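Hello,

Here is the structure we spoke about. Please open it alongside the notes below.

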6 protein chains.
Amino acid sequence: MPIVRVEMLEGRSLEQKRELVAVYTRELARICGCSETSITVVIEDVAKHNWASGGQLLADKKP
Amino acid sequence: MPIVRVEMLEGRSLEQKRELVAVYTRELARICGCSETSITVVIEDVAKHNWASGGQLLADKKP
Amino acid sequence: MPIVRVEMLEGRSLEQKRELVAVYTRELARICGCSETSITVVIEDVAKHNWASGGQLLADKKP
Amino acid sequence: MPIVRVEMLEGRSLEQKRELVAVYTRELARICGCSETSITVVIEDVAKHNWASGGQLLADKKP
Amino acid sequence: MPIVRVEMLEGRSLEQKRELVAVYTRELARICGCSETSITVVIEDVAKHNWASGGQLLADKKP
Amino acid sequence: MPIVRVEMLEGRSLEQKRELVAVYTRELARICGCSETSITVVIEDVAKHNWASGGQLLADKKP
């Protein structure tokens, strides 16, 4: 049932994604009382030139 | 007016997408009584390393 | 796996929603070769004062 | 930066939501190396008559 | 073509929404060279108990 | 707080995106009375073969 969508800057490793979906699925099932098999997690990698905060593209912000 | 968003694993052919958007537009117009020209369908191709079900990335599941 | 999201003006009947999710699930499974049980359809009812086309809220457009 | 969106059946308590957003924020910051203050979590409560799985509205499924 | 989605805390007036969709449509058409009639803007009003920043629900933050 | 999402055909320049996020942030802050630093804008570039209007993929429409 539940769908979790994580939008974040591109560049995270497969290992980070693996751990994130496992922890998010386990904790949502524990807290909200649903089965782990019913949970979908979708990750969206966003490029710096497609994400702005405070009116400025992250691609234009000094690291 | 209506917006339909289809998120699915990447890899479907142009032909499948062509048929899907035609059928989805026709059936939504028929069932919900709106004009076909008012319907937008957006397809999102999701990579296996960005989709998890049951706490596991599809990239890690045996085919 | 696939997630279908339909955003449309509020006011459709339960019967219309019932038929829409059944047809959308059947046709997506047929066209894209996935199982019907793996398909999720989410409907979002949008109020006229929250939807604009051509720069005008639908709540402000003459019927 | 990261935006987490959780869509689930309506009916969870404020307490469950409080715990979920705290855990999701902490774990995302830990796993993906970003600050907790940069993380937004949005919860969408979905009615049973707007969610279908396997072609059937949850409102029509026997509990 | 373009779809703009604005998620913000519930409580904005109809007048604010009217101005926002008009300005957003005009500016997107001007900057990105598309017709105003092709632009859809959808507003999502989010309750304070469904929005968290920094791990805390806005409903729990002191005003 | 507010999150603005713009889905449009791929191909816009970095310059167009830069101007769009600056104008959208400034105008949303002005109209809805929130701080510019609290506003996130995410742009999604959509391919012509993933966008359909009136039941036809844009990739299949004559320019």
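**What was found**

The buried residues of H1(F) pack against elements of three chains: strands E3 (51-53) and E4 (56-57) of chain A, strand E1 (3-9) and helix H1 (14-32) of chain E, and strands E1 (3-9) and E2 (40-46) of chain F. Please keep in mind that this is a predicted model.

**Helix H1 of chain F**

H1(F) covers residues 14-32. Its 19 residues should span 27 Å at 1.5 Å a residue, and the end C-alpha atoms are 27 Å apart, so the two agree. Buried residues in H1(F) include Lys17(F), Leu20(F), Tyr24(F), Glu27(F), Leu28(F) and Cys32(F). Gly33(F) follows the helix, with a positive phi near 65°.

**Pro2 of chain A**

UniProt lists Pro2(A) under "active site", in an unreviewed entry. Where does Pro2(A) lie? Pro2(A) is in the segment before strand E1 (3-9) of chain A. Its relative accessibility is 1%, so Pro2(A) counts as buried; the cut-off for buried is under 20%. Leaving aside residues up to four places away in sequence, Pro2(A) touches residues of chain A and chain D. From chain A these are Leu28(A), Cys34(A), Ser38(A), Ile39(A) and Thr40(A). From chain D they are Glu7(D), Met8(D) and Trp51(D).

**Cysteines**

How many disulfides are there over all chains? The search of the whole structure finds zero. Cys32(D) is in no disulfide, and its nearest cysteine sulfur, in Cys34(D), is 6.2 Å away. Cys32(D) is buried, at 5% relative accessible area. In chain E, the sulfur of Cys34(E) has its closest cysteine sulfur in Cys32(E), 6.2 Å away. That is too far for a bond, because a disulfide needs the sulfur atoms within 2.5 Å. Cys34(E) has 16% relative accessibility, so Cys34(E) counts as buried.

**Chains A and D**

The same surface serves both copies: 100% of the contact residues of chain D recur in chain A.

**Chains without contact**

Chain A and chain E are joined by no contact; their closest C-alpha atoms lie 14 Å apart. No contact joins chain C and chain F either, and there the closest C-alpha atoms lie 14 Å apart.

Best wishes

Methods
Residues numbered from 1 in each chain as written. Chains lettered and ligands numbered in written order. Predicted model: local features only at pLDDT ≥ 70, side-chain atom pairs only at ≥ 80, totals over all residues. Heavy atoms only, no water. Helix = DSSP H or I, 4+ residues; strand = E, 2+ residues; numbered from the N terminus. Expected span 1.5 Å × (residues − 1). Buried < 20%, exposed > 50% of the residue type's maximum accessible area, 1.4 Å probe, protein only. Contact = heavy atoms within 4.5 Å. UniProt positions renumbered as here; feature names shortened; annotations may be inferred.
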